[in-house]
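Here are a few exercises to work through with the model open beside you. Try each task before you read its solution.

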Amino acid sequence: NDLVQYLFAASREDAAFNAYREQSLPVLLKFVRQIAAAARVERKEVVVCGEIAADPATAGYLAGVGIRILSLQPNHIGQLRRYFGAISCREMKTAAANIIG
């Protein structure tokens, strides 16, 4: 949420924030992909946290663009484990590429 808020100058108090976040997903994923690639070159880790990391589909897209560490509330771990156990890395990369366009 913070990254979307700062990147797009969107206010969390705006009732349309979640819809805006969903609509901005392709741009956000391109941005995160660039960050992940630059971090790999510098041998740095990128951690994504918050609601976006806890959502299985979005977490899959993040993994598809190169994010390897997610920080989330413990009550979401089981759901993400099931999701990541049922999808391959190739599928996540393909899904992310399809969103990005």
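**Exercise 1.** Find the handedness of the crossing of α5 and α6.

*Solution.* The crossing of α5 and α6 is right-handed; the term applies if the near helix is turned clockwise from the far one by less than a right angle, and left-handed if anticlockwise. In this predicted model, local features need pLDDT of at least 70 and side-chain atom pairs count only at pLDDT 80 or more, while totals for chains, interfaces and linings use all residues. Residues are numbered from 1 along each chain as its sequence is written, and side-chain values use heavy atoms, with hydrogens and water left out.

Next, take the geometry. Helix α5 covers residues 56-64 and helix α6 residues 77-85; their axes come within 10 Å and cross at roughly 55°. Axes here are lines fitted to C-alpha atoms, for helices over the stretch in contact, with angles from 0 to 180 degrees between N-to-C directions. Helices (H or I, at least four residues) and strands (E, at least two) are DSSP runs, numbered from the N terminus. The two helices are therefore oblique to each other (under 35 degrees is roughly parallel, over 145 roughly antiparallel, 65 to 115 roughly perpendicular, the rest oblique).

**Exercise 2.** List which residues make the contact of α5 and α6.

*Solution.* From α5 come P56, A57, A59, G60 and A63, and from α6 come Q79, L80, Y83 and F84 (contact: heavy atoms within 4.5 Å). By class, seven are nonpolar, two polar and none charged. Ala, Val, Leu, Ile, Met, Phe, Trp, Tyr, Cys and Pro count as nonpolar, Asp, Glu, Lys and Arg as charged, and the others, Gly among them, as polar.

**Exercise 3.** Decide whether A36 is buried or exposed, then list its contacts.

*Solution.* A36 sits in helix α3, residues 25-41. Its relative accessibility is 3%, so A36 counts as buried (buried is under 20% relative accessible area, exposed over 50%, partly exposed in between, with a 1.4 Å probe and protein chains only). Setting aside neighbours within four places in sequence, A36 is in contact with V46, V65, G66 and I67.
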